[in-house]
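Here is a short briefing to read alongside the model. Take a look at the structure below, and then we can walk through its helices and strands together.

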Protein chains: 2
Amino acid sequence: MAPVGVYDSGFGGLTVLRELRRALPELDYAYLGDSGRAPYGGRDVDTILDFAEQCVERLFGEGCRTVVVACHTVSCVALRHLQHRYGDAGRRVLGVTIPAAEAAVAQTRGHIGFLGTARTVASHTFRTEVHKLAPGVTVSEVAAPLLAPLVEEAWEDTDIARLAVQRYLVKFHGIDTLVLGCTHYPLLEHAFRELASKDLTVLNPAPGVAARFAVWRERHPGLAPVGSGRLRILSSGDTARFAASAARFLGETPPSVEHIAERGGRLAPCAEGAEPLGQVVR
Amino acid sequence: MAPVGVYDSGFGGLTVLRELRRALPELDYAYLGDSGRAPYGGRDVDTILDFAEQCVERLFGEGCRTVVVACHTVSCVALRHLQHRYGDAGRRVLGVTIPAAEAAVAQTRGHIGFLGTARTVASHTFRTEVHKLAPGVTVSEVAAPLLAPLVEEAWEDTDIARLAVQRYLVKFHGIDTLVLGCTHYPLLEHAFRELASKDLTVLNPAPGVAARFAVWRERHPGLAPVGSGRLRILSSGDTARFAASAARFLGETPPSVEHIAERGGRLAPCAEGAEPLGQVVR
């Protein structure tokens, strides 16, 4: 009765949920995708903190004791804030940046490339975490603002995707390991592997996040108790569109998507279609 | 001393400003591009109303008596709200949807295509305005969520742009006139003309917006008084990036960009780089 919460700005975090369910299928999970307000990558800090608080509070409201912030943008900017605000003996907030840094450091021969949203890259949080583990490693960070919208459009198997990936790849020089630092990018992993030079390791951090979570959970079984493998999905966006995309990210048929929306500064269950569409006067 | 305010979510509205300055070069203008929070197209109504209020208030704070909302998304969703809230004998808020509808109706032989952001298309405001003018005209609306980010990335002259335009064009059937219903799309006008069938008219609404504004101004000279052709540009985004892109949109070298940022729910002048970038705790 205490699902593990997984929070992302949109669909992308389902690639993390997929690995969590593969590693720990006996747990219950509640996924919250804030698709109605995605992408977060170009937003200011105040907005990201506000949205992150709303989403984490919604998941705690659903009975979660642990929330995994799957979104790299939130993880790089707001994780410490969320941990200070919500973390206590009975509740935890975990992120993806440190597991991603650990996986990259374990892999690299000295020069890591990191691809993320504009906000993620501007934070330099990934580089900071790498340098805590391995001060001598070089980190090159590049923003790829077009890749997340491209995956949201379901165009990851098109020439457009391959051309965009190629344009971002040529911005790196001399890297041996490339971290896909946004939960959308694993959908483009095939394109990255096809277009990158053969000696470049393309790293999806999600399996590392799941492995690290499994180790953490052994020390904190009460915060992520064994359930019956149940899965709920909540989204602030169009649920039909979410359901259509979810299978691609999750790798299995998702349950029906429950709609939530901002009401009075909080994310609450909300019948879909309640959002007015034409001219609005308030 | 009362510039005409021109408001857009980002760079795109500079294509409207360009036409306004061509039609009425003797006026002063203040352009506000909310690039730090663009694109607006996937956002919920509450957020769009909030951002639009902040931006319009900033422009009135700069001495404007008239604000032209160049952004189709804001114009389709929030224009009536802005007019109710701020419009009075000494202040006006104008939009782009009605001029766009008028230009399209003047052009069409019976079937108009309209390309815009997800939110613009969901509002059906353009179709509503067309049907007020010409109830028998058919309107097909298609969302093109990738085009604005693509132009913001300055990739409009790449194969990626041409492939994306082609993918959106094939979603229309039987149209004779295509309205570029987002201020970013005129940067792709060349690609649209190259790829569309020869008998399809590709319509950039900006010249029509400027022509209609010039007529309106003759009746309201005090709301947009003659100045000395001065131009100020304010942006909530990276000013160096804005300056680098502005010339492409504006067709002339822009003045130095003044930075603004959200502070306590209002857009205020703000030294750039004041935004914290790493982990933030509030």
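In this predicted model, the buried residues of helix α4 of chain A pack against α2 (45–61), β3, α3 (72–77) and β4 of the chain; contact here means heavy atoms within 4.5 Å. Helices (H or I, at least four residues) and strands (E, at least two) are DSSP runs, numbered from the N terminus.

**Helix α4**
- Helix α4 of chain A spans residues 79–86, and its buried residues are A:L79, A:H81, A:L82 and A:Y86 (buried is under 20% relative accessible area, exposed over 50% and partly exposed in between, with a 1.4 Å probe and protein chains only).
- Viewed down the axis of α4(A), these residues fall within an arc of 160°, so they line one face of the helix; the arc is taken from the directions from the helix axis to the C-beta atoms.

**The sheet**
- Seven strands of chain A form an open sheet in the order β4-β3-β1-β2-β9-β10-β11, with mixed pairing; two strands pair if DSSP finds at least two bridges between them.
- The edge strands are β4 (92–94) and β11 (266–269) of chain A, each pairing on one side only.
- From one strand to the next, the twist averages 25°.
- Strands β1 (residues 4–8) and β3 (residues 66–69) of chain A run parallel and are joined by four bridges, with A:V4 opposite A:T66.

**Strand β9 and its neighbours**
- Of the five residues in β9 (residues 231–235) of chain A, four are buried, so to speak a mostly covered strand.
- Five bridges link β9(A) to the parallel strand β2 (residues 29–33) of chain A, where A:G33 faces A:S235.
- Three bridges link β9(A) to β10 (residues 257–263) of chain A, also parallel, and there A:L234 stands opposite A:E258.

**Helices α1 and α12**
- Helix α1 (residues 14–23) and helix α12 (residues 239–250) of chain A pack at about 50°, with axes 8 Å apart; axes are lines fitted to C-alpha atoms, for helices over the stretch in contact, and angles run from 0 to 180 degrees between N-to-C directions.
- The two helices are therefore oblique to each other (under 35 degrees is roughly parallel, over 145 roughly antiparallel, 65 to 115 roughly perpendicular and the rest oblique).
- A:L14, A:T15, A:L17 and A:R18 of α1(A) meet residues of α12(A) including A:F242 and A:F249.

**Conventions**
- Residues are numbered from 1 along each chain as its sequence is written, while chains are lettered from A and ligands numbered from 1 in the order in which they are written.
- Local features need pLDDT of at least 70 and side-chain atom pairs count only at pLDDT 80 or more, while totals for chains, interfaces and linings use all residues; side-chain values use heavy atoms, leaving out hydrogens and water.
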